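Here is a short briefing on one protein model.

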Amino acid sequence: MKDKTKLIHGYHAFDEETGASSIPIYQCSTFKQASIKDSQPYTYSRFSNPTRTALEEAVAALENGKYATAFASGMSAISAVLLSFNQGDHIVMCKSIYGGTFQLVNEVMKRFGIEVTFVDETDLTAWEQAIQPNTRGLYLETPSNPLLSVTNIAGVVAIAKAHHLVTMIDNTFMTPQFQKPLALGIDVVIHSATKFINGHSDVVAGLVITNDEKWEQQIKLQQKVLGGILGIEDCWLTMRGLKTMALRMEQSARSAEKISQMLEKHPAVRSIHYPGLPSHPGYQVHQQQATSGGAVLSFELANQSAVYSFAEALKIPIAAVSLGGVESILSYPVTMSHACVPKAEREKQGVTDGLLRLSVGIEDTEDLLADLEQALTKIQ
Ligand SMILES: *Cc1c(COP(=O)(O)O)cnc(C)c1O
């Protein structure tokens with residue numbers, strides 16, 4: 001079954017009991033037991049719930065994984081994975097990492113004695129050299145935020161296998177539609193389903209997918225005892241969003257490619273970061289591991305005043321944090337995701353005063369291009 005069919009039929013998408021064309025919202029905390037003597041599949045909604053099970057099955061099917069677990073947010077999913085390590089363990093991570101993950105590592109995991117080394121994600125030698133006797137895992141995120149740098153997934157997996165380490169990936173930017181890390185040998189895949197999977201900017205959710213039974217038991221335990229479950233109604237909304245993900249991703253990625261080509265040639269644009277452009281330094285590697293450049297790009301204007309006049313003139317994209325919605329979203333890392341990073345440090349990372357990130361929505365491609373072009377002409 002191909003992905004577009006799988007999204008509609010590749011799991012229990014219909015209610016067996018009544019034939020309902022969507023799995024109902026099983027709005028209950030507890031389940032009446034058939035008998036007090038025997039156990040039954042569903043007992044309490046923190047442990048499991050039929051609506052959540054349906055979403056978990058759907059995402060597992062799409063990632064070609066055996067097991068998926070749904071969490072209250074992407075950060076809750078990431079916490080469940082990273083808090084599976086023990087005191088004294090060491091993890092190697094890419095330096096361009098989601099801000100929340102960075103805070104989790106520095107402000108929480110450190111207290112539990114779990115140590116992390118950050119490396120230049122594009123340099124495989126750096127990954128290997130960071131490995132210590134107590135290293136247990138390698139954690140990556142590709143393409144990265146907000147500069148879309150690309151990590152060679154198969155390369156990192158090969159290093160991990162040689163050293164018997166677990167590999168974890170945050171696959172949020174590519175979605176299971178465009179990048180299937182389990183097939184490349186990754187052990188644990190994480191998503192912020194808040195973004196493209198739900199896709200409508202109306203739910204915060206997270207997912208973990210694996211083929212490894214031991215990891216699945218660990219992740220399920222974390223879901224149960226840390227208690228960060230995804231609420232029933234949000235499970236239903238996410239499943240509803242997921243059904244149209246393939247169509248949304250196609251439209252958004254097609255526009256993102258056209259927009260990045262336009263921006264690359266525009267005199268007001270200093271640089272453009274989009275892994276679907278042949279000029280991107282990670283293009284070749286990205287082509288090997290993903291089927292599209294995706295729907296997120298970033299680009300640099302001359303300075304902050306250029307950013308302000310451009311953003312003022314723009315009519316279609318909303319100015320906001322987050323990404324992956326049906327609406328195009330323009331983010332300014334300097335005042336949003338990187339607001340708490342000192343200026344010198346963020347400039348070292350390439351997050352300059354002129355940098356903007358665009359998450360391309362499903363609006364008409366021509367309208368988006370025209371809007372961006374007219375706003376670029378307004379730059380003083
Ligand atoms: C948004 C995001 C997260 C965090 O997800 P939440 O659902 O906001 O908790 C993690 N990783 C990436 C790449 C993200 O974009």
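The points below are grouped by topic. This is a predicted model: local features need pLDDT of at least 70, side-chain atom pairs count only at pLDDT 80 or more, and totals for chains, interfaces and linings use all residues. Residues are numbered from 1 along each chain as its sequence is written, and side-chain values use heavy atoms, with hydrogens and water left out.

**Nonpolar cores**
- The largest nonpolar core has 77 residues. Such a core is a set of buried Ala, Val, Leu, Ile, Met, Phe, Trp, Tyr and Cys residues joined through side-chain atoms within 4.5 Å.
- Buried means under 20% relative accessible area, exposed over 50%, and partly exposed in between (1.4 Å probe, protein chains only).
- Helix 2 (residues 50-63) supplies the largest share of this core, six residues. Helices (H or I, at least four residues) and strands (E, at least two) are DSSP runs, numbered from the N terminus.
- The core lies between domain 1 (3-242) and domain 2 (245-376), because both give residues to it. The domain bounds come from an automatic or database domain assignment.
- Another core, of 27 residues, lies apart from it and includes Leu297 and Tyr332.

- Leu138 is among the residues with the most contacts inside the largest core.
- Beyond four places in sequence, Leu138 touches residues including Trp127, Val156 and Met168. Contact means heavy atoms within 4.5 Å.
- In helix 3 (residues 74-82), eight of nine residues are buried.

**Arg270**
- Arg270 sits in the loop between helix 10 (245-265) and strand 8 (271-273).
- Arg270 counts as exposed because its relative accessibility is 61%.
- Neighbours within four places aside, Arg270 contacts Glu300, Leu301 and Ala302.
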